[in-house]
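My plan is to look up a few things and note each one down.

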Amino acid sequence: AEPSSYSDASVVFRMTKPAVLVLNEKTAHVIQTAFQHADYPDIKGEKSVRFLGKIAYGLKNIHIGELTIENTTVDLKEDDTIDIGIQNVSASFQGTLSYGYVGGWLVKLIHSIDFEIESSIDLQINVKLLSDDGRVIVDTSDCYLTFHKLTLHLQGDKDPGWLKQLFTNFISFTLKLVLKNQVCKEINYISQLLADYVHETSANFLKDGDIGVDISVTASPAIKANYIESHHKGLVVYQNHSGIFHDSAFTPSLLTDSKMVYFWFSGQVLNSVALAAFLDKRLELTLSGEKLKEMFEIEELKTQQEIVQKIFRGASYNDSLAKVWSLDPPQIILQPEGTIVKSSVAVELSVPLQGEGPPSVALYFEKEVTVTVQASYMQKNLYLHHSEAMIEIKKLKRAAHIAVNDETLKHILEKIVSVAGIREVVSRFERNISSLLSSKGLDHFDIIDPEIVTKKGHLILQMDFGFPHHLLVEFLKTTL
Ligand SMILES: CCCCC/C=C\C/C=C\CCCCCCCC(=O)O[C@H]1CC[C@@]2(C)C(=CC[C@H]3[C@@H]4CC[C@H]([C@H](C)CCCC(C)C)[C@@]4(C)CC[C@@H]32)C1
């Protein structure tokens with residue numbers, strides 16, 4: 001049986017090796033930031049030296065000069081760690097060395113001399129991904145520095161010969177220790193910040209008003225030879241009530257590794273979103289004026305225009321309006337042919353009685369609509385293509401003055417809904433969701449060749465991407 005982490009995850013994220021390599025392009029940038037933000041504490045000490053007695057010394061305001069990184073490699077170790085190698089970090093450190101003789105009478109003659117240290121370092125960081133209370137913990141404690149070179153330059157000619165050899169190994173020893181602690185600590189700090197930042201950004205992305213998705217992880221992310229995969233609850237939260245849970249039947253074989261990133265959603269997530277949207281009164285709209293005219297004057301009703309006139313009795317479309325709303329939460333069924341949406345919808349048409357004045361209800365009908373929708377995402381827009389719909393009018397009421405028999409009315413209304421009504425509703429979803437996605441900053445991402453795939457019971461978003469520079473800049477700016 002699959003380990004527990006799969007069964008109660010209804011959202012799964014998979015990043016394959018190619019994506020890790022793209023992100024690795026910026027590892028150097030993050031490491032550079034770590035070196036530059038690490039603070040190097042002052043170091044003091046005393047050392048007794050033959051013939052000279054005790055020497056007190058200290059290194060002060062150590063700071064990093066220029067820093068270059070030759071290249072970084074990344075390797076995924078199955079069920080273990082993400083091994084990051086950073087070769088040939090060449091860094092120079094400046095600071096002030098002060099030293100003096102601790103004589104019997106405790107007088108300290110303190111000299112201070114500026115120093116510069118040139119170093120070339122390799123880093124090896126074997127990252128573990130753990131989880132704690134739904135959050136991903138990045139453990140980079142497995143962090144090693146190897147020094148290729150560490151040369152000390154003392155300022156100017158004030159360098160008395162003995163000072164150099166006395167201090168070189170002392171300074172190189174302590175600096176190695178300080179660097180290792182500080183740089184690795186800073187790398188751990190930044191990595192965890194990065195993980196939290198990605199979590200916050202994703203959670204915010206999946207939130208709109210009172211509707212959100214709980215993406216806390218259900219277990220530690222899995223590291224495989226060719227991908228990293230995280231498993232999330234995917235519980236829809238509406239006004240702080242979170243949805244109920246069913247088995248979500250994720251198995252790794254549902255995803256391939258031909259694309260850089262995969263977002264897997266179980267069908268229940270979309271159904272919970274549909275329920276929340278219904279409760280949040282988002283599944284309703286009004287039509288009037290031009291939109292209404294378009295609907296009642298479609299080509300297919302050319303020969304029925306005098307009947308249509310009996311409905312409006314000379315009133316203008318601008319003074320009339322049709323309210324459309326869902327009577328129940330829509331049911332969403334994911335199938336290979338697309339997203340099947342079953343909804344029961346009410347329509348109420350109000351028209352001014354004597355052709356003017358306040359509109360009053362002229363007709364009201366309820367219908368069951370089943371439509372299959374295929375989604376695609378291109379040029380930063382979502383496109384929804386819908387199939388021929390199945391429409392069944394369940395209820396029809398008309399005002400007494402409408403002298404049109406029910407059969408004819410039903411025929412007209414079915415025509416309007418199937419030809420124009422559904423198109424109108426779908427295109428509003430397209431516009432609203434596209435603007436929601438861009439308001440979340442999706443169009444800042446360099447998404448390449450996104451595919452929206454529906455299978456029985458689940459939805460997969462798979463795509464390649466270019467490095468999200470803006471995200472890293474944003475992160476480094478806001479957090480450091
Ligand atoms: C008298 C006057 C009469 C007038 C009558 C007028 C109207 C009444 C008639 C009918 C109304 C009711 C029937 C209409 C039903 C329409 C149903 C409908 O669109 O569901 C759609 C609602 C949106 C929804 C759920 C659907 C399919 C795919 C989903 C998308 C797949 C991918 C996309 C992601 C956001 C991807 C992001 C991009 C990636 C690549 C990063 C998703 C999840 C957004 C939401 C999409 C179904």
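I start with a term. A helix here is a DSSP run of at least four residues, numbered from the N terminus. I also note that I am reading a predicted model.

**Entry 1: one leucine**

I looked up leucine 437 and found it in helix H8. Is leucine 437 buried or exposed? I read 18% relative accessibility, so leucine 437 counts as buried. The cut-off for buried is under 20%.

Next I listed what leucine 437 touches. I left aside neighbours within four places in sequence. The contacts are Phe205, Tyr377 and Leu442.

I also checked leucine 437 against tyrosine 144. They are 293 residues apart along the chain. Their C-alpha atoms are separated by 42 Å.

**Entry 2: the ligand**

How many residues surround the ligand? I noted 29. The closest are Val345, Lys367, Gly421, Val425 and Phe429. On its own, the ligand has 1,100 Å² of accessible area, and the protein covers 91% of that.

I then asked which elements build this shell. At least two residues each come from helix H6 (289-296), strand S17 (338-352), strand S18 (359-378), helix H8 (406-439) and strand S21 (447-455). H8 gives the largest share, with nine residues.

I wrote down 25 nonpolar, three polar and one charged.

**Entry 3: helix H6**

Which residues of H6 are buried? I found Gly289, Leu292, Met295 and Phe296. They lie on the same side of H6, because they cover an arc of only 130° around the axis. I recalled a general point here. An α-helix has 3.6 residues a turn, so residues three or four places apart point the same way.

I looked up what these buried residues of H6 pack against. The partners are strand S14 (284-288), helix H7 (305-312), strand S15 (321-326), S17 and H8.

**Entry 4: salt bridges**

I reminded myself that side chains of opposite charge can pair when their charged atoms come close. The structure holds 22 salt bridges. I looked at some of them.

I took lysine 233 and aspartate 214 to begin with. Their closest N and O atoms are 4.0 Å apart. Lysine 233 lies in the loop between strand S10 (227-232) and strand S11 (235-238), while aspartate 214 lies in strand S8 (residues 211-214). The pair therefore ties together parts that are 19 residues apart in sequence. Lysine 233 is partly exposed, at 32% relative accessible area. Aspartate 214 is also partly exposed, at 23%.

I turned to lysine 394 and glutamate 392. In this salt bridge the closest N and O atoms are 3.1 Å apart. I read 47% relative accessibility for lysine 394, which counts as partly exposed. Glutamate 392 is partly exposed at 44%.

Then I went back to helix H8. Glutamate 424 and arginine 428 both lie there, four residues apart, about one turn of the helix. Their side chains meet in a salt bridge of 2.7 Å, N to O. Is glutamate 424 buried or exposed? Its relative accessible area is 7%, so I marked glutamate 424 as buried. Arginine 428 is partly exposed, at 23%.

Salt bridges link Lys17, Asp75, Lys77 and Asp83.

Note on methods:
Residues are numbered from 1 along each chain as its sequence is written. This is a predicted model: local features need pLDDT of at least 70, side-chain atom pairs count only at pLDDT 80 or more; totals for chains, interfaces and linings use all residues. Side-chain values use heavy atoms; hydrogens and water are left out. A residue is near a molecule or strand if one of its heavy atoms lies within 4 Å of it. Accessible areas come from the Shrake-Rupley method with a 1.4 Å probe; for residues, only the protein chains shown count as cover. Ala, Val, Leu, Ile, Met, Phe, Trp, Tyr, Cys and Pro count as nonpolar, Asp, Glu, Lys and Arg as charged, and the others, Gly among them, as polar. Buried means under 20% relative accessible area, exposed over 50%, partly exposed in between (1.4 Å probe, protein chains only). The arc is that of the directions from the helix axis to the C-beta atoms. Contact means heavy atoms within 4.5 Å.
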